[in-house]
Amino acid sequence: MRCGAERHCPGALWATLIFCLLMVGPCACGRKAPPVPPKRPPLPQPMELIAWREGDTVGLSWRPGARDRGVVRYAVLRSQWPIEAPPCEGCPLVFQEVGSVEAAPETDAYTFTDRIQTDLVYSYKIEPRGSAGDRGPASRRIVVAPAAR
């Protein structure tokens with residue numbers, strides 16, 4: 001089938017549109033600049049988080065990252081759920097800040113104590129915070145379940 005003056009030719013229209021995009025595309029990107037390094041080094045991740053449960057109290061202990069520079073405090077984040085209704089596999093947990101510990105130079109380990117309900121399961125993680133409000137990578141999560149009866 002030929003395209004005449006009286007008929008529309010969809011193939012030619014698409015070919016013209018693609019040609020125009022190919023001609024404009026490379027010019028529209030602009031000039032790329034070299035990557036800019038971060039203004040300050042990232043905060044170190046807390047390590048070796050451990051927990052213990054005694055009655056209605058949970059104790060947490062962790063070690064600061066290799067380079068504790070820049071950390072002004074450690075935020076303690078907690079998620080909780082009933083024993084009968086655990087979160088679904090792969091579903092994200094919602095963590096809330098329940099306290100914090102001020103960072104101190106030359107400290108080998110930090111501890112935090114939290115009052116809890118005895119019939120809930122808890123998950124904790126520790127997140128470093130910098131002076132500008134920046135957040136570092138959180139520690140691994142740890143789950144604290146009620147004692148077996």
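The legends below refer to a predicted model.

View 1. In soluble globular proteins, nonpolar side chains tend to be buried together.

**View 2. Surroundings of Ile 126 and Ser 139.** When residues up to four places away in sequence are not counted, Ile 126 touches Pro 46, Leu 49, Leu 60, Trp 62, Tyr 74, Ala 75, Val 76, Pro 137, Ala 138 and Ser 139. Ser 139 lies in the loop between β6 and β7 and counts as buried, because its relative accessibility is 7%, with the limit set at under 20%. With the same exclusion of sequence neighbours up to four places away, Ser 139 touches Gln 45, Pro 46, Leu 49, Lys 125 and Ile 126. The C-alpha atoms of Ser 139 and Tyr 124 are separated by 9.0 Å, the two residues being 15 apart along the chain.

**View 3. An open sheet of four strands.** The strands follow the order β4-β3-β6-β7, and their pairing is antiparallel. At the edges are β4 (96-102) and β7 (142-144), each of which pairs on one side only. On average, neighbouring strands of this sheet are turned by 30° against each other, direction ignored. Six antiparallel bridges connect β3 (residues 71-82) with β4. Val 76 stands opposite Gly 99 in β4.

**View 4. Arg 78 in strand β3.** Arg 78 counts as buried because its relative accessibility is 19%, and the limit for buried is under 20%. The side chains of Arg 78 and Gln 80 are joined by a polar contact of 3.4 Å. Leaving aside neighbours within four places in sequence, Arg 78 is in contact with Val 94, Phe 95, Gln 96, Val 98, Asp 114, Arg 115, Ile 116, Tyr 122, Ser 123 and Tyr 124.

**View 5. The disulfide of Cys 88 and Cys 91.** The model contains one disulfide by the distance rule applied. The link joins Cys 88 to Cys 91, with an S to S distance of 1.4 Å. The angle about the S-S bond is -65°, and the link is left-handed. Cys 88 counts as partly exposed at 42% relative accessibility, as does Cys 91 at 34%.

**View 6. Positive phi at Glu 48 and at Glu 106.** Most residues other than glycine have a negative phi. Glu 48, although not a glycine, has a positive phi of about 55°. This residue is found in strand β1 (residues 47-54) and counts as exposed at 52% relative accessibility. Glu 106, likewise not a glycine, has a positive phi of about 65°. Glu 106 is found in the loop between β4 and β5 and is exposed, with a relative accessible area of 77%.

Methods:
Residues are numbered from 1 along each chain as its sequence is written. This is a predicted model: local features need pLDDT of at least 70, side-chain atom pairs count only at pLDDT 80 or more; totals for chains, interfaces and linings use all residues. Side-chain values use heavy atoms; hydrogens and water are left out. Two strands pair if DSSP finds at least two bridges between them. Helices (H or I, at least four residues) and strands (E, at least two) are DSSP runs, numbered from the N terminus. Axes are lines fitted to C-alpha atoms, for helices over the stretch in contact, and angles run from 0 to 180 degrees between N-to-C directions. A disulfide is a pair of cysteine sulfur atoms within 2.5 Å. Buried means under 20% relative accessible area, exposed over 50%, partly exposed in between (1.4 Å probe, protein chains only). A polar contact is a pair of N or O atoms within 3.5 Å; within protein, one must be able to donate a hydrogen and the other to accept it, and residues adjacent in sequence count only if both atoms are side-chain atoms. Contact means heavy atoms within 4.5 Å.
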